[in-house]
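Here's a quick briefing for anyone opening this structure for the first time. Have a look at the sequence and the model, then work through the points below.

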Amino acid sequence: MAPFKMTPVEQVLEHINLKRNFVLQGGAGSGKTETLKQVVRSVTQDENAKKIVCITHTNKAADEIAERITGSLLVSTIHSFFGGLIRPYKTNIRKALPELFILPRFERSDEPESHIPETERRKAEHTKFKNSHEKLAKRRLIVLDEKTDKVAGKRDYDESPDIYIGEHNKLIEALNRKIQKVISTVDVNKISYNETPFDNFDDRSYGHDGLIQIACFLFDKYPMLGKILSDRYDCVFIDEFQDTSPDIIRILVESSSKNGLTLGLFGDSEQAIYDNGIGDVHHYIDTKKIHLVEKTDNYRCSPQVIEVANKFRCDGLKQKIALKTPPGSPPDTVESRQGSAKLYYAVAPAKEDTGEKKRDNRLHKEACEDALDLLVSVVGEKYPDFKHLKLTNKSIARETGFGGLWEVFGEAFRDTRENMKKILNRLQFEQLFTLVNLFNALPGDRRAYNKLITINKKAGFAIQSVADKTKLGEKLLHLSNSDLGAYEAIEFALRNKLIMKSDSHKAYIHNCHKKRTEFENDKALAEFKLLTEQGHNTKIRMQKALKDQPGEVLTVEIIEDEFEKFSRHLKKWAFFVQFFSNKLKIGEVLAYFRYEQGEGSFATMHKTKGTEIDDVIVVCNEYGWSKEYDFSSCFSSTKPTNPKESRSRKLLYVACSRTKTNLVCVRLASDSAEINRFKEIFSDIRLVELANNAKNSDPGK
C-alpha cells in the first residue's frame, strides 16, 4: 500500500496550525492562487478563524486576488500595507528619514585583489571615487545649495589618494550632519509618502523604495512593531515572494519567531527575473526558519511545453500536467491539452579576419543582426498568429512602429523605457493617447463618447451645440493624423483646449529651454561637439586631436577630467533638438502607448510574466545585453555556474512557460557545439538555411 502523501494545501494548513513559516514553491500555471484561496477559506471559516493579510506587489495583483478570494482577508500592496503600518509613528519616521539621504564615507579596498593589474585597480578605484564625488556634488547642491569643486583627475588622485579621500569624507560628514539637523526640525506632519519611485529632500518625502527602507529601519530599531503586527494578524501571506525585498522577508521572519506570527510565501524562485528581489529563500529553508511545500501541477501548458520548460528549471522541481474543469466548459483531457515545442535555428555568419579587429567585429555584428532578423521573419511567416517574445523593447520598437522614438530616447538615456514613460507622461502624451483612443471608439461606444466630452469640458472646450461636437470631431481627427510632429500635436491640443497644460509640463518645458540655452552658449561644449562630429568621439582620440591643434577653450587636461560630462550634455542637447523636432511623428508616440497596453503581436519576455498565451515564438537572443544574459548557456542539462547563466535560465523559463499550446524557440547558433546542446532541451529541432536565397528557405526542414 502506497504511503499517505499530504496535498500541498494540507501541508500548508499543518504549518499554519503549528505556527510554522512556509513557502509554497510552484512553477508556472501550478494554481498557486487557487491554493491560496483554499487555504484562506479553511482557516477563516471555523470557530478559530485566523486574521490574515495577503501582500502583493501591484494594485492589479491585489485586485485580482481580492476578486477571487472571499473571507476574512485583507489584500494590500506591499507599499500600502507597510505605509499604513508605520504611518501613526510620525516621530519615528522622522528619525528614520535621514537614512534615505545621508551618504556613506568613501573607503578604499583594504586588500586589493592580487590577480588584478595595478593599473586596472587604480582606474577602478578612481572611477568609484568619481561616482562617490558625483553623488556628493548633487546632494550638496540640493541640501546646502552649494557647488562642489570638480573631482580630482586620475593623475592627481593617484599621486595623493589619501589626501583627496580625506577631504572628500570631511565634506560627506558635514553634509550628513546638516541632513540630520534639517530633518530633526521638520514638522512631523509635513513628512509624507509621495507615491513615486523617488525620495525628495526638498519636500521631505519618501518614495517606494524609501518607504520599504524606513519600515525596515523601524522594525529593526523598535521590536514592538513586530508585536503590533502579530496582534493584528495571525498570518502574513506574500504573493510572488521572489520579487520581495530581502529586508522585508528578514524582518517578517524575525517578527514571526518572536511573536507567534506565521509567514506564508507563495511564488516561484525560478521566476525571479528582477535583481532587486530576494529571489529564493534557501537560507531560511536550510535553517528551518521556513518550511518548503512544493506544488508540481501545471494546469496551463501542453505536455510538450512542460517537458521543455522543466529543463530550464534548476531547483529540482519537475512539473507535470494537471487537468482542470473550467466552469461552463468541458473538462480538460490529456488529448485536449496536446501541443508542440520546436526549436528553429540558423547558423551565424562566419567572422572574417582582415586584420582590422574593430571593423571585423562591427561587420560581423551587423551580419548576425541581419541573419537573426531574417530567421525570425522566416519563422514568423510560418506561424503568423503566434505572439513574439523578445528580450528588449529596442528590438520590438521598430516592429511595432515606434523605432524612431526609441532611438531618440535610447541615445540620451541609459534607462530608455523608464525615461520615455516619465517624460511622455509629464508632457501629457498619455492624455493625448486617451483622447485619440476614445475618439477612435466612436460612433458605436456611447461610454467612450461621454468620457470624451467630460475630459474636453474639464480642459475648457465647451460643447454647447451640434456645431461644437462637429468641430471637436474635426480636431480629434486632425490629432489622429500620424504625419503631425509629436510635440506639434501636443501644442495643437493645448491651443484648442483639448487638454490643459499641467504644472509638471510647464516646469519641464521651462527647464528644457533653460538647459538648451546653456548648451547653445557653452563655447567648450560647441568645440566638443565639433570634434565629435569630426570623428574624435573618444577621450583618447579627442586628446590626440587637441595635442595636434589646441582648441580655444578645450585642453587635453579638461578632456581628461570632463569628457563624460561633455558627453552627457551633448546627448541631452541632441535629445532636446530631436524630440521637439517635427521629424518625430505623433504616430510613433501613439504606437508606443498601444504597445504598452499590450496590443500587437510583440512583447518583451519580462513584460509577459504572469500572463498566458496560446501560441508563442521566443526569440532567444541577447540583443546587445550580453553582459547580463547568455542564452547559449541555457541549452544544457548542467546547472548554471554564475549569476548571468542563472538569470538567463530563469528568464527563458518564464518566457517559454507563458505558452498554453504551441511553443517555438528561435536561436542563431554560434557554432556546432551549441547546436549539439540543443538536443539536450528539444526533441524537435529544425534548421533554417539562410545562406542561399534565405527568403525561400524551408523552416520546416
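Strands E1 and E7 run parallel and are joined by four bridges. This is a predicted model, and the notes below start with that strand pairing before moving on to another sheet, the domains and the confidence values.

**Around strand E1**

- E1 covers residues 22–26, and five of its five residues are buried.
- Which residues of E1 point one way, and which the other way? Phe22, Leu24 and Gly26 go one way, while Val23 and Gln25 go the other, and all are buried.
- On the E7 side, Val23 has Leu265 as its bridge partner.
- E1 also pairs with strand E8 (residues 291–295), again in the parallel sense, over five bridges.

**Thr262, in strand E7**

- Thr262 sits in E7, a strand made of residues 262–267.
- Is Thr262 buried or exposed? Its relative accessibility is 1%, so Thr262 counts as buried, the cut-off for that label being under 20%.
- Leaving out neighbours within four places in sequence, Thr262 is in contact with Ile16, Lys19, Arg20, Asn21, Phe22, Asp234, Cys235 and Val236. One of these, Phe22, belongs to the E1 residues described above.

**The six-stranded sheet**

- Six strands make up an open sheet with parallel pairing, in the order E13-E12-E14-E15-E11-E16.
- Which strands are at the edges? They're E13 (602–604) and E16 (685–687), each of which pairs on one side only.
- From one strand to the next, the twist averages 25°.
- Inside the sheet, E14 (residues 613–619) and E15 run parallel, with six bridges between them. Ile613 has Thr659 as its bridge partner in E15.
- Helix H13 (residues 303–312) lies across E11 (340–347) and E15, and runs at about 55° to E11. Helix H15 (residues 393–400) packs on the sheet and touches E12 (387–390) and E13, with its direction at about 165° to that of E13.

**Domains**

- The chain is split into domain 1 (8–89 + 222–295), domain 2 (103–110 + 117–185), domain 3 (301–391 + 605–694) and domain 4 (429–500).
- How far apart are domain 1 and domain 4? Their C-alpha centres lie 45 Å apart.

**Glu430, in helix H18**

- Glu430 is part of H18, a helix spanning residues 429–440.
- Glu430 counts as partly exposed because its relative accessibility is 40%, and that label covers values between 20% and 50%.
- Not counting residues up to four places away in sequence, Glu430 touches Leu424, Asn425 and Phe593.
- Glu430 and Phe593 are 163 residues apart in sequence, yet their C-alpha atoms are 7.4 Å apart in space.

**How confident is the prediction?**

- The mean pLDDT of the chain is 89, and 97% of its residues reach 70 or more.
- Confidence is highest in strand E15 (residues 659–669), at a mean of 97, and lowest in helix H19 (residues 446–459), at 74.
- Watch residues 692–698, where the pLDDT is below 50; this stretch has 10 contacts in the model beyond near neighbours in sequence.

Note on methods
Residues are numbered from 1 along each chain as its sequence is written. This is a predicted model: local features need pLDDT of at least 70, side-chain atom pairs count only at pLDDT 80 or more; totals for chains, interfaces and linings use all residues. Side-chain values use heavy atoms; hydrogens and water are left out. Domain bounds come from an automatic or database domain assignment. Helices (H or I, at least four residues) and strands (E, at least two) are DSSP runs, numbered from the N terminus. Buried means under 20% relative accessible area, exposed over 50%, partly exposed in between (1.4 Å probe, protein chains only). Contact means heavy atoms within 4.5 Å. Two strands pair if DSSP finds at least two bridges between them. pLDDT is the predictor's confidence in each residue, from 0 to 100. Axes are lines fitted to C-alpha atoms, for helices over the stretch in contact, and angles run from 0 to 180 degrees between N-to-C directions.
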